[in-house]
Amino acid sequence: MPGLRQLCLFTLRRFQARTLCSDLLLSQINGCTHEDEVFSLVGRNKARLSEKHVGIALNMLWQLQKKKPFLLRTSDYVRNHSQFLTLCILAENKAEHMEDEVIVDTLYSILRLDVEDHSSLAKVLVTEAWKRLERLSLPALSKFALCLYKQHRHFSPVIGQVAHIVDMKLDSIQDIRILSVLMVSISEVITESFRDRLLHKAEQLLEETDEVHFNYARRVLQFLQNVKLRYHPLLEKCNRIFLESASHLDIHSISHIFGLYEQLGFDSAEFRLIAKQLLSETIDDYYDPETFAKLFSSLGPMAGSKVRERLLVTAGHMAEEFRIHQVLMILKTMQKMKCRSSHPLKKMASVLHKHLESCHALQLVKLTQYLVVLHCQDVELFAKLKMLLLGYLKSSVIPADTAAIIRVLAMLPSFQVDEMIINKAAAVLPQCRLHHLNCIATALVKWNHHGQLHWQNSSELCAKLLQKLHDCGFQRLQKANNLNLLLEELPYVNGEWLKEVLNEETLAMCQRLKDQITWANILPLSFFLIKSDHRCPALFDRISSVTVENIDKIPLSEIYFILFLFSTLNYDPPDNEEFFKSCIQHLTSNLSHLEAYHLVLLGHVLAVAGYFPPALITTIFNVSFLSKLDAQLKVLPDMVKHRVQSSLMKLNRAVCLECPEFHIPWFHEPYCQR
C-alpha cells in the first residue's frame, strides 16, 4: 500500500509540473512580439507541444503579421520557415483533438498567412470543422464560412449546410458583424425569399446597433453586389455609416466602396466630397503601385486640373512598376476622365507589350476598349491584341465571352473580318442572352456597312446570320415568363438593334407580364421605357397605380426616374392628379434625405409636368443650398454635372415665368450666354 501511495503522489506531481510547464509555454507564446520568438519556442519545445499550443502559435503568427502595415508584412518569410512547417505537420496530426474554436482559428490563420487553399493541412481542418458544423458557435460558424469563401468554395455542399444553419438560427443572430460575414459567404446558395429575410435582418441590426464598424457595412454592400440587387434602404444606411466613419477610412476602403457603388449603380455626392478631401490631404503617401493605382482610380475623376495632371505624370513615371490589373485600373480611369494626354497613354501602352501574353480573354477585351476610346496610336499593340483576341475566340465556348470578343474586334481600326468569326458567332447564337445578341448584331452591321467582309458571298452570309440573330432574339422574348429576369437583360441592350428589331416585341412581352410589375421592379422598367421612347398606356397606367399604392416603399432617388418617364413622354395616367400628388407629398416630406443635385433634377422634371411645389422651390433657390450644390458639382461625373446645371437653368427660367410670386431672380443669364 505505501508503495502504491508513493506512485500516485509521484504521478500527480509530474502531471502538475507538466500542466504548469504547459501553462507557462502558453503564456510565453502569447507574450511573443516577433515571429522569430514564436519559432524559437516551437523549436525548443517540439516534444511538449499540445494541440492547443500549436493552434495558439499559428494564430499568434497571424496576429503579429496583422499588426504590420500591408506592405511591410512578411508572410513569405513565415511560410518558408522550417518551424512553420513543423507547426503545420503537428496541426495536421493533432487536428481531431483540437477544440472547435481552435480548429476554425487555425484554419483562418493559415489562410491569412497565404497557405495554399488546397494544402493538406487546410483540407484536414476543413474536414474536421465540417464534422462539427452543427455544434459550432455563431462566431465560429461565421469565421469558418469566411474561410470557405476565401477558398472560393462558393457552391460547395458544406456552404449549403452553413446556409441551412443560418436559416434555422437567423432570428437568434444579434451581431451585425457575424451576420454580415455569413451573408457574404452564403450569398451564392440562397433562395430569393431567404435573401429577403437576410436583408430585413441586416436592416434591423444596422438600425439597432449604436456604432457600426464600416467594414460590416462594406460587407453588406458586398452581399448586395453578389446577389445583384440594388436595395436602396440598405444602400442608404451603409452610406450613412461610411460618412460617420470617414476618419477611419483608408485608400483601400475608399477604393473598395467606390467599386461597390459603381457595380450597384449607386452614387453619393457627400461620400465623394469626403473621399476627395481625405485623399487630397494624403496624396503624397501613396508611392507603391497598388495604392497609387487605387488613389488614381478614386481621386482622378473628381480632381481639379492641377491634381489630375500631377496624377497623370506620376502614373507615367510608375508605369514600368504596374502589374496588368493596375494598368487596367489606370486606363479605365483615364477613360472616365476623358484623358487626352498622350504621354501617360504611351507609357501604359509600352508596358502592355510585356503583359499581354499573361492576360485572360476578358482582360484583353477591356484593354482593347479602353485603348480605342482613348485614341491610342500604337499600331503594333493593336496588332498583338487582334492576334490574341482571335486566338481566344477560336477556343471560346462561353457565349458571353464570344460576344464580348466580337464586340471589341469591331472597335479595332481597319479590321478585316475572317469567316471564322462569322461561323463562331452563328454557333453561339441560340445560347445568347439579348445583350450578347446585341453585341454581335452591332458588330455585323458595322462590318457590313464599312465593307470589311471581303470573302465570296460575304454579304449573303451576313444577311442570313442577321436574320438568324433576329429570330433568336424573338424566340428568347417569346419564352420570357418572368418580368424580373427580362428586365435584368434589357439595361445592357443598347444601340439601334433593340429599337429597330425588337422594340415592339419587347413592349408587347412587358404588357403580357404587366401583372408582375411591383414597386421593386418599377425602376428598371422605367429605364427601358425611357430608352424605347415609346408611350405604352397599359404599362404607364400600371406603373402609376403601383407607385401610388406603394409610394412609401419606393426609394426617393427612384421617384425621379418614374416622374421623368411621365413628364418627358408627356403621358397623363387616369389617376394623374393623385399620382403627382402622392409623389410630391412623399418627396417634400423627405427633402432633407435627398442630395442637393437630386433636388434640382426633381424640381426640373416636376416643372416640365407643370408642378412647382413651394417647399421644393424655396429649398432649391436658397444661397446656402446653392453653395452646397456647387461643392457637389465639383465631384460629380461630367455627364451628371452638365445635366444638373442645365436642369437648374431651365428650372430657374420656368419659376421666373410661371411663379413670379416666389420672387426668384433670373440668375442664369451669364450661363445662357456661355
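In which helix is the place of A57?

1. A57 is placed in helix 3, which covers residues 51–66; helices here are DSSP runs of H or I with at least four residues, strands are runs of E with at least two, and the elements are numbered from the N terminus. With a relative accessible area of 1%, A57 is buried, where buried means under 20% relative accessible area, exposed means over 50%, and partly exposed lies in between, for a 1.4 Å probe and protein chains only. Not counting residues up to four places away in sequence, A57 touches I29, V38 and L87, a contact being heavy atoms within 4.5 Å. E35 stands 22 residues from A57 in sequence, and the C-alpha atoms of the two are 9.5 Å apart in space.

2. On the basis of the comments: this is a predicted model, in which local features need pLDDT of at least 70 and side-chain atom pairs count only at pLDDT 80 or more, whereas totals for chains, interfaces and linings use all residues. Residues are numbered from 1 along each chain as its sequence is written, and side-chain values use heavy atoms, with hydrogens and water left out.

3. As to the overall fold, the secondary structure of the protein comes to 36 helices and zero strands, and the C-alpha trace spans about 110 × 70 × 55 Å along its principal axes. The protein has 674 residues, of which 51% count as buried. Among contacts with a separation of 6 or more, 74% are between residues 24 or more positions apart.

4. K424, in helix 23 (residues 419–428), deserves a separate look. K424 is buried yet has no salt bridge, and the nearest side chain of opposite charge, that of D401, is 11 Å away; here Lys and Arg count as positive and Asp and Glu as negative, while His and the chain ends are not counted, and a salt bridge requires a side-chain nitrogen of Lys or Arg within 4 Å of a carboxyl oxygen of Asp or Glu. What the side chain of K424 does reach is the backbone oxygen of S396, at 2.8 Å. Leaving aside neighbours within four places in sequence, K424 is in contact with L393, K394, S395, S396 and T402.

5. Side chains of opposite charge can pair when their charged atoms come close, and a search of the whole structure finds 22 salt bridges. One of them joins R79 to D76, with the closest N and O atoms 2.5 Å apart; both residues lie in helix 4 (residues 75–80), three residues apart, which is about one turn of the helix. R79 is partly exposed because its relative accessible area is 25%, and D76 is likewise partly exposed, at 47%.

6. E262 and K336 meet through their side chains in a salt bridge of 3.2 Å, N to O. Because E262 lies in helix 14 (residues 251–264) and K336 in helix 18 (residues 324–336), this pair ties together parts that are 74 residues apart in sequence. E262 is partly exposed, with a relative accessible area of 42%, and K336 also counts as partly exposed, at 39%.

7. R476 and E489 form a further salt bridge, in which the closest N and O atoms are 2.8 Å apart. The pair links distant parts of the chain, R476 being in helix 25 (residues 458–479) and E489 in helix 26 (residues 483–489), 13 residues apart. R476 counts as partly exposed at 32% relative accessibility, whereas E489 is buried, with 9%. Elsewhere, D100, E128, K131, R132 and R135 are linked in a network of salt bridges.

8. The structure holds 17 aromatic pairs, that is, rings of Phe, Tyr and Trp (its six-membered ring) whose centres lie within 6.5 Å, with planes under 30 degrees apart counted as stacked, over 60 as edge-to-face and the rest as tilted. F580 and Y611 form a stacked pair, 4.7 Å centre to centre with 15° between the planes. This pair links distant parts of the chain, with F580 in helix 31 (residues 576–588) and Y611 in the loop between helix 32 (596–608) and helix 33 (614–620), 31 residues apart.

Terms used:
Polar contact = N/O pair within 3.5 Å; in protein donor to acceptor, adjacent residues only side chain to side chain.
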